[in-house]
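Trainee: I'm new to this one, could you walk me through it?
Mentor: Gladly; have a look first, and then ask whatever comes to mind.

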Amino acid sequence: MTFLQPYLLWALPLVLVPVIIHLINRLRHKPQPWAAMMFLLQATRASTSHAKLRQWLVLLFRTLAVLALILFIARPLAGGWLGWTLSPAPDVIIIVLDRSASMESRLAGQTITKREQAVKLLAEAAREFQDKSHLVLLDSATRIPQQLASAKSLLEPTLTGPTDTAADLPTLLQIAHNWLVENRAGAAELWVASDLQRSNWLPDDERWKTVTNQLGKLPQGIRVRLLAFDDDREPNTSATLAEVFRRARPDGAELNLALDLARNVQPGSAPAHFPLSLTLNGVKSQTELDMDGAALRWRHKVDLGAAKGLGWGTLALPADANARDNAAYFVFGSDSILRAAVVSDQPALIRNAQLAALSPATRQPAEVLAPVAWAERTGSDAALLIWQAPLPDAAGEKRLRGFIEEGGAVLFLPPGRTDTGKFLGFGWAEAQPASADKPFKVAKWGQQEGPLAKTDEGLSLPLVELEISRRQPITDGDEGKRQMAKGESAEAGEAAKTSPALIASSGTALASFADGSPLLTRRALGKGQFFFCATLPHEEWSSLGDGPVLVPMLQRLLQTGARRLNQETMVACGELSALDRAKQWTSADGSTGKDIALHAGVYRSGERLLAVNRPGAEDDRTLLEPAGAKKLLGTLPLQLLQERTARSDALQGEIWRLFLIGMLAFLFLEAWLVLPPKKRLPDGSAPELAPAA
Amino acid sequence: MNATDSHVHSFLDPQVLAQLAHLPLVSRFAMEGSVSGHHKSPHRGSSVEFAEYRTYVPGDDLRRLDWRVLGRTDRYYMKEFEADTNLRCCLILDASASMNFAGKTGPSKFAFARQLAGTLAYLAVQQGDAAGLYCVGENSTPELPPRRNPAHLQEILNALQTLEPHGPTTILRTLHDLAEKIRRRALVIVFSDFFCELEPLLGCLQHLRFQKHDLAVFHLLDRMEMEFKFDRPLRFEDLESPFSLVTEPAMVRDEYLRAFDAHRARLRQACLEFNADYREVVTDQEPGKVLADFLTERAHQVGAH
């Protein structure tokens, strides 16, 4: 229970007034000399238990009446969320509102969304405090603390409206902490409203410890109230764009789309059938879609004809429980000339790769450069670099890193000899030949995405047919160093260095051999990626050079590296670069009221088109358990309310009426008890006044 | 008793005395007095009232032999007459502190009892009987055995005048003592509120009756005690001890009256059973009327015998 006038609680000792009056009255009773005491004692003994009980009850009711009066004047607030603490209204209430796309899910059985309900409840709760406390809104989309004039401001859509962004709770708490420190706020409460989505709370994040420690150490005392909407029962389907690229064809161009659909249904439920609308450059068309199971990758090709230049489009599902995750926006550009470059000091070994990495536009094979030549060349228009040489020195590494960070792709192939160099911790072990009758085989590889994914027709690349007679395992130097630091023996460290199985901790193994060591690993760096492949496309090494695997792999790597040449066309909502944010953007589909920082859509700024989609993590509906959220907040005092219904008074309300009624009831009972029992005078006469002493 | 005396003894009301002057104080049973008087004696004597004939037994006084019968029948018969004796009236007055209670309707119980006792003593001596005074009290209570001379009456009245009720009641012990002390049959009149344990008290009264005394009991009560009408909580202070009790009269009234009435009824019933003359006296009554009723009823009872 919280009080709006807590200082009135100092009047609580007044509840003793009836007791004191009672004691004084006892002293003030008129004395009456009495002779027939024996009968009086006898009578008192007979009726004493009843009389005493009555007297105690009278005293109790008087005391309770005074107590109820004081509490009534102190204007108590109570509710499931605010709890029954006797703390006064805090100096500052920071309302941390999760405005992520997932908060747009409808509440089970309701027509309003989680965010709307959260805003409504918070505004209701904050109304009682608006005169006493500073209200500060910190929403997950803008991440800027804003002071609110009144609780009503919370209902303004510009402050708390829907967005397509993701939320980052540790960051928000850090911002809240910084704000509290900078503004030298007094006792503060954090009112957090969230759906406990795991990707927003990031429970494995190291920052949690820091931020909860910092908040806990604030001298003014921080209390956290968490309004959790951890209920996700409404059926919902979300759409995410997995791939979009324009492919040149002899007769024009086609647009390849891959849309990932996910729905939160139980396995084995009935297949869904729904229309999917595709808008291309403002022209709308519709297709029907059948979905069986929980996830589907829907591929689609659109003939662009001879159309050139930039274009944009939208894929949209019909409205369901969450209206924000039904649309995916994309922008496709004109064909850029993708080229690959091969850096090798043994061009004969790499001939097959050079051919396979031909430019799709010019049909020219990749250019081959010696490492020295590459080092001397200034600038490169290549999207993919195939590095089959000893790993570069510091200057070369810096250059390579720059290339990757710009968006380029680099594929490292074994140098074929001992190489002690490292690239970002990766290196080469000694080459290993396979026994003559038993070549190395690929056991598993990532078929969903990446360079070894299935083809558009759904066919797997024939990696299983690869016969690898020689390989040079990939090592991860960082892992080796970590092992050393743990105090293990140098031999163990050496073993770890040579053990390819340990690579997965820092890079992602896209394909692995039967013994677990990786064939192909990937690691992201800046906008680009680099890959290590453990064998060469040469007959002395493997059958990789035959083509069915190498060609799609290198072509896809070329597409990956195309980002280096193209301006960015797709961005996750809320992750717009500062440069882009400064520009003036208008919605490409002509709709108004959209903000590129908050809402998904296609935006135009001059000649440039940008598709903004909600972050992919928002579609991962894994929720954190409330207990998990409690654990994350550590020792901070936490009041949790799991909101599953749309009751508006669930958080709190003024309950002075209760105390007023209580006081009246106590006074009535007291009056009833002290009424003289008239019926005991059988002659009906009123009792005489006591004689004067 | 002259006017001066009644002025000295404020509790004696000349009007009451005058009103009662023609009423005799009689005993209901034979008394054993020391001199001849108006009252029946258990012994045969020389009055004019014939009692009985009886056969002569050697040793009898020949003077009372009925010579006429002897001459006519030649048999020896003794002719006996009733003896008349005086009355010894023992007044026992409760002087415990509880008797000091005075309601708003009359004098204190003690004052009332003192008037009754003084008037009766006066009447007794006036008709030639002996009067004595015993008090039930804690300390220095006078013991004046019955005598018939006016000087003794003066002493009694003086003692009554100076007596102040004080301390707890010792009525039980005193009555037992007096039952033993008053040897010969007498008229024993007890004035008290009898606020004590009832069963031992009845034992005392029976003891007195056992000694063949004519026992009269004046049960003095105040109207306030009988009705117990109060409307607000009061602190009741015991007159005989420092004990006090705060209570709400309205709540205990029923119980109080039940206990009080039971006490009265039981005492009345017991007195009836062992033939004691029970009189319940409320202090707002007229003392003259109370005594007139007492004397008249006794006279009637004796007449009925």
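Trainee: Which residue is the bridge partner of A:Gln32 in E8(B)?
Mentor: Bearing in mind that this is a predicted model, the partner of A:Gln32 in that strand is B:Phe236.

Trainee: How many residues does the contact take from each chain?
Mentor: Chain B gives 31 residues and chain A gives 28 residues. On the side of chain B that touches chain A, the elements giving two or more residues are strand E8 (234-238), strand E9 (244-247) and helix H9 (249-273), with H9(B) providing the largest share, ten residues. By residue type, that side of chain B divides into 15 nonpolar, three polar and 13 charged.

Trainee: Switching topic, which residues touch the most other members of the largest nonpolar core?
Mentor: That core has 87 residues, and those touching the most other members are B:Cys89, B:Leu91, B:Ile92, B:Leu120, B:Ala121 and B:Ile189. Helix H4 of chain B, residues 109-126, supplies the largest share of this core, eleven residues. Apart from it lies another core, of 62 residues, which includes A:Ala366 and A:Val410.

Trainee: What does B:Cys89 touch?
Mentor: Leaving aside residues up to four places away in sequence, B:Cys89 touches, among others, B:Leu25, B:Leu120, B:Pro146 and B:Ile189.

Trainee: And how many helices and strands does chain B have?
Mentor: Chain B has ten helices and ten strands, and buried residues make up 42% of its 305 residues.

Note on methods: Residues numbered from 1 in each chain as written. Chains lettered and ligands numbered in written order. Predicted model: local features only at pLDDT ≥ 70, side-chain atom pairs only at ≥ 80, totals over all residues. Core = buried A, V, L, I, M, F, W, Y, C linked by C-beta atoms within 7 Å. Buried ≥ 20, exposed ≤ 12 C-beta atoms within 10 Å, placed from the backbone. Helix = DSSP H or I, 4+ residues; strand = E, 2+ residues; numbered from the N terminus. Contact = placed C-beta atoms within 7 Å. Nonpolar A, V, L, I, M, F, W, Y, C, P; charged D, E, K, R; others polar. Pairing = 2+ DSSP bridges.
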